[in-house]
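Biologist: Could you take me through the aromatic contacts here, with the reasoning behind each assignment?

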Amino acid sequence: MQTWNKIKSNAFFKFLSSVKLAVPLLIILALAILAGTLVESRYNAEYAKLVVYDTSWFILLHVLLAVNIIFAALSRIPYKPIHTGFVITHIGLVTLLWGSWVTYKEGIDGMLSVQEGQSSSSVIVNERVIELIGDRFFKKMKIERSSTERNIDSFMDINSHFGGLISVNHYYPFVNPPLQDSFLEGKGLAFNIKNNFFDENLFLPIESGSERSLGPAVFRLIPFGEKGFSSGSQKTISKKSKRKPSSASSGELLVIKDKKSGKVVKEVDLGTVNKKIDIGGVTITVVKKFKNGVVVENKMVEGEGNNNPVLELEILSGGKKIREIIYARFPDFALGNNELVPFKFTFITALAAPEAPSKEEAELPQGHVPIESHTTSDTGGLPAVGSRNNIVEFQLLHSEEDYQAKLSSGQPIPVKVLLIKKDQIVSEKILNIGESFETPWMGMVLKLNSFQVTPQVSPLSLPKVLPAPELFSNSLPPSALLVKLSGKADPIWLIEGQPQEVQIENDRFQIYYGKNIIKLPFVLNLDKFSKKDYLGTETAMSFESQVKVNSDKESITISMNEPLKRDGYTLYQSSYQLIPNAPAVSIFSVNQDPGRWIKYLGSLILAIGIIIYTYMRSRLYRAKS
Amino acid sequence: MKTLTIFFLLFSSLFSYAEELDLNFKALLEKIPAEEASVLAVHDRGRYKPLETYAREKMLFISGKYSPMGQDAVKMFFALIVAPELTGQTLPLINIRSVKVRKMLGFSSEQRFVSLKALKDTRLEAMASPLIAREKENARLLSADEKDVLELFGQYWTLESVLSARGFFEVINVNGNGSPEAQSEETVMGTKFLRALNGDDQQLARNELKNLQEKLKLNMMKTEGASSYSKISLEIFYNKLRPFFISALLFFAIFLATFSAKGKAFLLNSKWNWPVYLPILFLFLGFFIRVYITGFAPVTNMYGTMIWVSFGISVFSIIFYAIYKNFEVLKLSFLGAGIFLLLTESIPLTLSPDMDPIVAVLRSNMWLTIHVLTIVISYSAFTMAMLLGNYVIIQDFLKKSTSDFNPNVISHYIYRLIQLGVFLLTVGIILGGIWADYSWGRFWGWDPKETCALIADMGYLILLHGRFVGWVTPYRLAFLSPIAYFLVVFAWYGVNFILATGLHSYGFSSGGVTVVITYVLIQLLILGVVSYKNISFKKMAA
């Protein structure tokens with residue numbers, strides 16, 4: 001007893017058990033998690049984990065707190081009845097922290113996604129590994145994802161594990177990976193598609209069935225001389241017939257009014273296209289006229305008939321170029337961002353009466369974003385994403401030899417570009433490499449960048465190192481490693497999540513750096529995924545998956561609150577992917593948590609402790625007063 | 001005289017709208033059988049509701065008022081459909097809430113209400129269309145002004161859908177298919193009714209309406225069960241009664257009555273102190289009607305939680321009164337409950353009172369309900385502690401030492417309330433963990449909402465520990481309680497309305513910043529003035 005009292009009166013013991021430590025600790029911890037929350041709202045949850053929640057100093061704070069609580073509980077020995085609530089509460093807290101530690105150390109938390117009709121047992125977990133896979137070689141090492149750069153010194157262990165075959169030289173926390181396509185070697189067509197919202201470089205290799213999809217559009221390449229989309233039987237509106245000057249006759253007017261006063265500033269006879277009009281420093285060029293403007297995948301193209309006369313203008317004002325679309329039948333339906341233009345335009349043509357059509361007749365141009373279907377929500381009529389039936393086809397018209405000859409002699413290289421919607425060609429055009437196809441709608445531009453027929457190694461473009469993720473981005477940019485391969489002078493870039501084939505000392509290897517994938521001891525087959533919505537809305541009321549484990553006959557349902565428990569793992573219905581015309585994908589979160597019951601026990605003890613504490617304090621207070 | 005002028009101005013502004021309506025439109029409004037039309041069981045946003053509720057929601061969104069231009073929402077709704085197109089388009093119904101947007105569109109900054117036609121002539125659509133795509137991509141990147149433009153665009157289309165009757169046809173068809181081409185029975189009946197409204201035979205209109213009403217009633221009973229239809233009339237009753245508003249007024253009335261000796265005597269001497277229970281009765285009534293109609297606890301948005309906090313305050317204050325017999329605590333708590341309830345009723349655009357269903361994750365079970373209810377009711381205890389804290393420091397500042405006022409006693413109540421709050425909050429957070437573990441397989445994920453609740457909990461724990469070692473004296477506890485309450489405001493309001501990230505996204509909204517900032521400023525002013533005086537008198541140590 002005396003020794004105990006001696007220990008208790010030790011200054012260090014006193015400090016560790018004191019409230020004087022507890023209060024600053026709580027304040028620091030509260031500030032730290034406040035910082036974490038603010039980082040999360042400014043960047044994203046992954047970044048908050050990286051810079052706050054998963055850091056060693058943050059875990060150290062918790063350890064200190066646990067030590068403080070344990071010593072505080074010990075310092076009350078020998079216990080008196082009045083200590084009951086206090087001791088139980090603090091034992092509960094320590095148990096809770098212990099359970100969290102066990103989960104942190106031993107627990108598994110990952111994602112498993114399965115397509116309908118398929119099976120899988122691969123779980124992607126949130127720890128990074130570096131893997132080297134050869135013919136008769138497999139090695140895997142954990143590697144920490146940190147928010148700061150690290151050099152070779154911190155990879156000693158890992159490098160010695162791989163026995164000198166590879167050595168990690170440097171770690172960059174955030175990189176902007178080079179476009180995957182620039183890694184591609186060999187024959188293909190590189191093109192760019194962009195508008196105000198995106199700017200994508202894509203690459204289509206020259207082979208049968210070469211295809212890429214981007215959003216709602218599919219791009220495909222038809223190799224040398226192969227038969228592309230048959231245009232004979234289809235209704236095609238060729239470029240030439242569009243330019244036939246039946247519409248070039250006079251009687252078509254562009255009326256330019258002052259926006260504020262409504263006065264007519266100028267009336268222009270549209271006898272010729274490409275006429276420039278200059279009004280007070282603003283240059284207006286008539287780019288194109290359409291007899292029946294149809295919008296296909298954000299592009300204005302000529303359709304059949306004279307239903308919807310459209311005028312495309314290019315306006316140069318204050319050094320800025322603005323595109324504007326004027327519908328003859330819908331004078332109010334201006335499109336572009338024309339803040340800089342002080343004019344309102346009206347297009348008058350014999351093909352359509354200029355006055356606004358009555359409500360019954362009013363139909364937006366064919367292909368225009370549907371407005372009707374989205375007005376129920378109070379956020380307004382949000383245009384829907386277009387259908388997936390939009391194809392951009394590139395046809396290589398000549399033989400490979402012809403193209404090679406053209407390439408070597410520096411002649412223009414023609415590629416036929418078809419815009420196809422719902423199996424109908426809506427536009428076709430022959431473009432040379434380097435040329436671009438400007439489409440009026442929202443300024444979408446298709447450009448053919450380069451074309452290569454001789455196999456050649458494209459120069460490896462380097463990833464760009466970023467200081468931090470972008471604000472408000474939904475996900476973290478990948479990290480990257482600089483890895484030196486045995487026998488080679490220059491290190492290679494290894495981008496997170498992108499496996500690479502490499503040659504090390506005459507052997508082929510696959511090298512991978514990224515999230516670890518673990519195999520479940522069983523296989524999950526997804527029979528069916530179903531989602532139930534609230535009647536008349538697209539808000540999910542519930543969703544569930546019908547699965548079978550291994551080759552079991554019995555089907556099991558996993559839904560929001562009915563997880564599947566098997567071999568120590570628990571599978572929760574977490575999310576789903578529903579894409580039209582594609583099988584549904586169900587996403588499960590897979591969990592193994594040995595700390596669960598410790599945490600539950602701690603919670604229970606804590607709650608009981610607070611009740612006892614509160615009750616006894618009030619008795620004490622009443623006894624005093 | 002000055003007050004009279006202001007009164008007159010207020011009144012004239014109220015009635016000036018009525019004058020703007022042309023006589024034909026007025027006659028049309030008179031013709032609408034609003035009462036019968038109100039009870040149409042329409043299906044909107046995932047639930048059946050009376051047409052009255054639907055019309056009120058639409059009118060509120062478009063014009064910021066339940067009764068635009070002083071007219072009944074249902075009457076206005078149908079009058080807009082059947083009136084000549086030009087009339088509907090030229091009524092100044094759309095409320096441009098942002099002054100900046102008014103200027104951007106070329107209106108004067110005072111021109112709050114504009115017509116659909118006037119908006120059509122502006123660049124609104126051109127401005128909004130690129131924003132829509134960006135909103136889809138990442139709504140958080142939009143600036144406040146851009147969000148305002150989008151909201152106005154939404155108002156524009158909502159009015160457009162009302163005028164074209166598209167909205168009406170959509171909600172009378174259960175499957176949400178309102179296109180006139182789909183000639184459903186409902187559409188045919190609706191068309192007949194609208195046509196009859198346009199004509200002169202009012203009896204015919206009533207008959208057609210009756211047919212439609214019966215049809216919609218059958219629809220509802222088919223999907224929701226035979227007894228469900230009573231909810232429609234109950235909801236209309238609820239809309240008319242405004243129980244929370246009445247409750248707020250009664251809370252204020254009781255608070256004010258305590259200032260007169262007579263009133264106080266009446267409250268204290270009446271049997272069981274029955275007047276005290278009146279506001280609580282209305283609060284309970286409203287609360288249970290909501291629960292009955294929606295089928296879930298009203299804790300899924302800010303409006304619901306504010307009501308639940310008022311509920312908690314009134315229950316706790318009654319219990320406290322029963323234990324400690326301190327009338328001051330009861331009085332202040334009633335003031336708090338009254339303020340909360342009045343707030344919920346007065347800014348419906350920010351605190352949406354709609355009863356529409358919740359996202360899948362919340363449907364599931366009792367765990368969620370208990371978890372949220374426990375956390376939110378802890379805010380009631382903290383709110384009372386905050387009010388009492390202010391009471392102590394203000395009374396002390398004014399040097400009032402009446403027999404009722406003993407700072408140490410009140411400070412002890414603050415301590416007990418904080419204890420209660422910490423208990424409830426801790427248990428609520430743990431229940432949330434268990435619920436998350438049960439549904440997603442993780443106990444704790446540093447989600448902003450749970451993190452901020454934990455920060456608030458830790459803030460109060462710091463106070464309790466500080467008090468234990470004597471750093472926090474009774475006076476300091478009273479002083480710190482409102483400061484710790486800022487953490488509650490952040491967890492409660494800030495996460496959903498300012499940070500707006502994380503898993504608890506169903507409650508996200510915007511607005512109300514003015515109210516919260518005003519509160520924070522007033523609170524800081526009180527704390528500043530009080531501490532300035534105390535520092536100059538070196539009283540903080542006492």
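Modeller: Rings of Phe, Tyr and Trp, the last by its six-membered ring, pair if their centres lie within 6.5 Å. Please keep in mind that this is a predicted model.

Biologist: How many aromatic pairs does a search of the whole structure find over all chains?

Modeller: The search runs over the whole structure and takes in all chains. The number of aromatic pairs found in this way is 46.

Biologist: Of what kind is the pair formed by the rings of B:Tyr54 and B:Phe77?

Modeller: Planes over 60 degrees apart count as edge-to-face. The centres of the B:Tyr54 and B:Phe77 rings are 5.7 Å apart and their planes stand at 85 degrees, so this pair is edge-to-face.

Biologist: How many residues apart in sequence are the parts that B:Tyr54 and B:Phe77 tie together?

Modeller: Both B:Tyr54 and B:Phe77 are buried. B:Tyr54 belongs to helix α4 (residues 51–63) of chain B and B:Phe77 to helix α5 (residues 73–82) of chain B, so the pair ties together parts whose separation in sequence, in residues, is 23.

Biologist: Is B:Tyr324 buried or partly exposed?

Modeller: B:Tyr324 lies with B:Phe320 in helix α18 (residues 302–324) of chain B, 4 residues apart, about one turn of the helix. Buried means under 20% relative accessible area. B:Phe320, at 10% relative accessibility, counts as buried, whereas B:Tyr324, at 24%, counts as partly exposed.

Biologist: Over the ring of which residue does the charged end of B:Arg242 sit?

Modeller: The charged end of B:Arg242 is placed 4.5 Å from the centre of the ring in question. That ring belongs to B:Phe245.

Terms used
Residues are numbered from 1 along each chain as its sequence is written. Chains are lettered from A and ligands numbered from 1 in the order in which they are written. This is a predicted model: local features need pLDDT of at least 70, side-chain atom pairs count only at pLDDT 80 or more; totals for chains, interfaces and linings use all residues. Side-chain values use heavy atoms; hydrogens and water are left out. Rings of Phe, Tyr and Trp (its six-membered ring) pair if their centres lie within 6.5 Å; planes under 30 degrees apart count as stacked, over 60 as edge-to-face and the rest as tilted. Helices (H or I, at least four residues) and strands (E, at least two) are DSSP runs, numbered from the N terminus. Buried means under 20% relative accessible area, exposed over 50%, partly exposed in between (1.4 Å probe, protein chains only). A charge sits over a ring if NZ of Lys or CZ of Arg is within 6 Å of the ring centre and within 35 degrees of the ring normal.
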